[in-house]
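Here is a short briefing to read alongside the model. Please keep the structure open as you go through the points.

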Amino acid sequence: MILNWDEFTRRFVLVAVVVLLSSVFFLNTFFNSQITLAEKNEINQYEGYLHETIGNLVRQKQATTQVLAIALSNSMDFRTVLKTRPADLHQRLKKFTDELALHTDYKSIWIQVIDTKGVSIGRSWTKASGDNLSMIRKDIADVLRNPRKINNFSVGKFSLTFKSLAPIFDRNGKLLGILDVISQVDSIDRDLQSGSGVESVVLVDKRYKNQLTKARTGQFIGGYYVANAGVPNSILQLISNYGADKIFHSKNHEVIDGKLVIATPLKNILGEKIAVWVSFKPMQVIDLTNTHQLYKNYTLAMAGTVLFLLLSMLLFYFKKKSDLERHFFYQIFDESSEIIYVTDRHKVVQANRQFFNLFEDVNSVEAFNDQYDCLSSILIEEEGYLTRYVDGIVWYEYLLQDDHKTLLAKLETKDGVRTFKVKVNSINNRIGSDYVSVLLTDITEEVHYKEELEHLIIHDELTGVYNRHYFNEALEEEIKRAHRYQVPFSMISFDVDHFKSVNDDFGHDIGDNVLIRLTKEVARSLRDTDKLCRVGGEEFCILMPETDLEDATVTAERLRKSVQEIPYSDVPRAVTVSLGVTKLNRWDNASTLYKRSDIALYQAKGNGRNRVEVISS
C-alpha cells in the first residue's frame with residue numbers, strides 16, 4: 001500500500017511515540033543501573049587514589065627520615081660519643097632535637113645512639129638507657145649483623161613510628177654503633193587532612209598491646225592502639241560501634257554511618273602487617289550529582305530528538321551528534337594538563353593549549369610551522385636525553401618502534417629549560433593518512449628534587465665535598481677498577497694541624513669557615529678525576545685514579561704548600577696540614593689501603609706536622 005507523505009509522517013510519529021515511551025521505561029531502568037555502577041566505580045577509584053596517597057606520604061616520610069639520619073650521622077661526632085659515652089648524652093640529644101623542632105619542620109623527632117652490642121647508650125626523649133634493643137628489635141639486630149642504612153616501620157614501647165638506622169664506623173671502617181632516628185605518624189595524618197580533607201585513625205595490631213607500656217596517646221579501642229593524636233571522639237565512637245576487629249581486617253571499603261571507610265595496611269621491613277591506616281570521608285563529599293544529571297539530560301535529549309526529528313532530519317541529527325562528539329574530544333584534548341600535538345611527519349597539524357604555552361610568541365599551529373622545524377628545533381641535545389636522531393633515525397620513528405618506550409627530553413621554553421617525558425603513538429585515519437601524536441609530560445620538578453636528594457646523600461653539608469658515605473663506596477669501586485685494568489691508584493689522607501685549638505680559640509663558626517676555605521684551596525689544585533672526601537671532623541681523603549705514588553707525592557707536597565700560603569685575610573691564623581700518601585698494591589683491599597694511608601698521616605703528625613709522609617707497602 002502506497003502512503004502519501006502526510007500519512008507516512010503520521011504513522012511514523014505514532015510509532016515513534018510508542019517506541020519512545022517504551023524506550024523511556026527501559027532507558028530509565030538501564031540508566032539507574034549505570035548510575036549505581038558509576039557510583040561504585042567512582043568509590044573504587046577514590047579508594048585506589050587514597051591508598052596511593054597514603055603510600056606516597058609514607059614513602060616520603062621514610063625518605064625524609066633517612067636523609068635526616070644521614071645528615072645527623074655526618075653533622076655530629078658520634079664516633080667520639082660511642083667511644084667516651086658522656087654522662088650528659090641525653091641532654092645533648094634532647095637539646096639537638098629541641099633546636100631541630102624550633103628551627104625546622106622536624107617537630108617530633110627522637111634520636112638514640114646504640115652500641116655494637118645493641119645497647120642504647122642515650123636517648124633524646126628519656127634519660128633511660130642501658131637496655132639491649134637487639135633482643136626486641138629485629139631491624140637493630142639486622143644492622144649489627146650486616147651494617148647498612150635501613151628504614152623500618154615498627155612498634156615500640158611508645159608508639160608506631162618510622163625508624164631510620166645509620167651505622168657509624170671508625171676511621172678504619174670498623175662498626176662503632178648505630179644512629180637511630182625515629183619520627184611519628186602525626187605529620188602524615190595532618191598532611192592527609194589538609195591535602196585531601198580526610199580524617200584518619202592509625203590502629204596498631206592488638207598483639208602489640210602488652211608491648212606498648214608507655215603508649216604515647218594512651219588510647220586503645222578493642223585492644224588496638226590509636227597511634228595518632230587528636231582523633232575526634234565521633235570517629236573513635238564510630239569504630240567502637242562498628243567493631244575495631246572488623247575494620248582492622250577489612251579488605252574492601254565500607255560505608256558506615258554515611259562515611260566511606262577505607263583501611264590501608266601498613267607493613268614492617270619483613271612484610272608483616274602491623275597496623276592499618278583507617279580513612280574516613282563523608283559520602284556526600286563524593287559528589288555524584290553531575291553523573292545523575294548527565295544521564296537525565298541524555299535521556300531527555302534523546303526523547304526530544306526522537307519526537308522532533310522526523311525521517312527527513314535523521315541525517316542532520318547524526319551529523320550534529322558527530323559534531324558534538326568531535327567538539328567534546330577537542331575540548332578534552334585542549335584542556336589536558338599534558339602537552340599534546342599531532343604531526344604528519346613534516347609539520348604540526350594539531351596542538352593543544354599547553355603546547356603553545358612553551359613559546360613566547362606562538363599561539364597557533366600556523367605560527368609555529370612558520371618559525372620552527374617541528375619539536376627538534378627547541379631540543380637541547382645532551383647525553384642521556386632525546387636528540388634529533390637516535391640510532392640513525394628520527395627520534396619519533398625510533399620511539400614508534402616500541403609503543404611503550406619513553407625518553408626524556410630537554411626543551412628550551414619561554415620559562416627556561418624544562419625536562420619532559422616523551423611518548424609517541426601512530427595514528428591512521430580512514431583515508432589512509434599517517435599521523436604521529438606526541439605526548440609531553442613535564443617532570444622538571446621531579447628531576448630537580450631527585451638531583452637535590454642525590455647530592456645531599458653523597459656530599460658533606462658544610463664543605464660541599466664528598467662525604468664519608470660516598471668515600472666508602474667510591475674507594476671500593478676504584479680499587480676494583482684498578483685491579484681489573486691493572487692501572488695505578490693512589491690515595492692521600494690529611495687533616496688540619498692543631499684544628500682543635502682553632503675551635504677553642506676562635507669558636508666553631510670560625511673553625512667551619514677554615515674548613516670551607518681549606519677545601520676550596522685543595523679542590524682548586526686537583527684534577528677532575530680526583531675525588532676529595534671529608535671522612536671525619538677535620539680529616540680528608542683524596543682518591544687519585546690512574547696515579548702512581550710519585551705523582552701523588554708531588555700533588556701532596558703542592559697541596560701542603562698551597563694550604564700553608566692561604567692568606568691571613570681568609571683564616572684567623574696560619575693553617576697547615578699533615579699528609580700521608582700511599583698507593584694500591586695487588587694484595588690491597590679498601591681496609592688495608594685506608595689503614596696504610598692513615599698510618600702515613602700519623603707519621604707526618606708525629607714527625608712535626610706540616611709535612612708529607614709516604615708509605616708504599
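Angles under 35 degrees count as roughly parallel, over 145 as roughly antiparallel, 65 to 115 as roughly perpendicular and the rest as oblique. Helices α16 (residues 508-524) and α17 (residues 549-564) pack at about 140° with axes 10 Å apart, and are therefore oblique to each other. The model is predicted, so local features need pLDDT of at least 70 and side-chain atom pairs pLDDT 80 or more, while totals for chains, interfaces and linings use all residues. Residues are numbered from 1 along each chain as its sequence is written, and side-chain values use heavy atoms, leaving out hydrogens and water.

**The α16 and α17 pair**
- On the α16 side, Leu518, Glu521, Val522 and Arg524 make the contact (heavy atoms within 4.5 Å), and they meet Leu559, Ser562 and Val563 of α17.
- By class, this contact of α16 with α17 has four nonpolar, one polar and two charged residues.

**Asp115**
- Asp115 belongs to strand β1 (residues 109-115) and is buried (under 20% relative accessible area), at 5%.
- Its side chain joins that of Arg85 through a polar contact of 2.8 Å; the term covers a pair of N or O atoms within 3.5 Å, where within protein one must be able to donate a hydrogen and the other to accept it, and residues adjacent in sequence count only if both atoms are side-chain atoms.
- Beyond its neighbours within four places in sequence, the contacts of Asp115 include Leu82, Ile121, Leu144 and Leu176.

**Tyr602**
- Tyr602 and Ser493 are 109 residues apart in sequence, and their C-alpha atoms are 9.6 Å apart in space.

Methods:
Axes are lines fitted to C-alpha atoms, for helices over the stretch in contact, and angles run from 0 to 180 degrees between N-to-C directions. Helices (H or I, at least four residues) and strands (E, at least two) are DSSP runs, numbered from the N terminus. Ala, Val, Leu, Ile, Met, Phe, Trp, Tyr, Cys and Pro count as nonpolar, Asp, Glu, Lys and Arg as charged, and the others, Gly among them, as polar. Buried means under 20% relative accessible area, exposed over 50%, partly exposed in between (1.4 Å probe, protein chains only).
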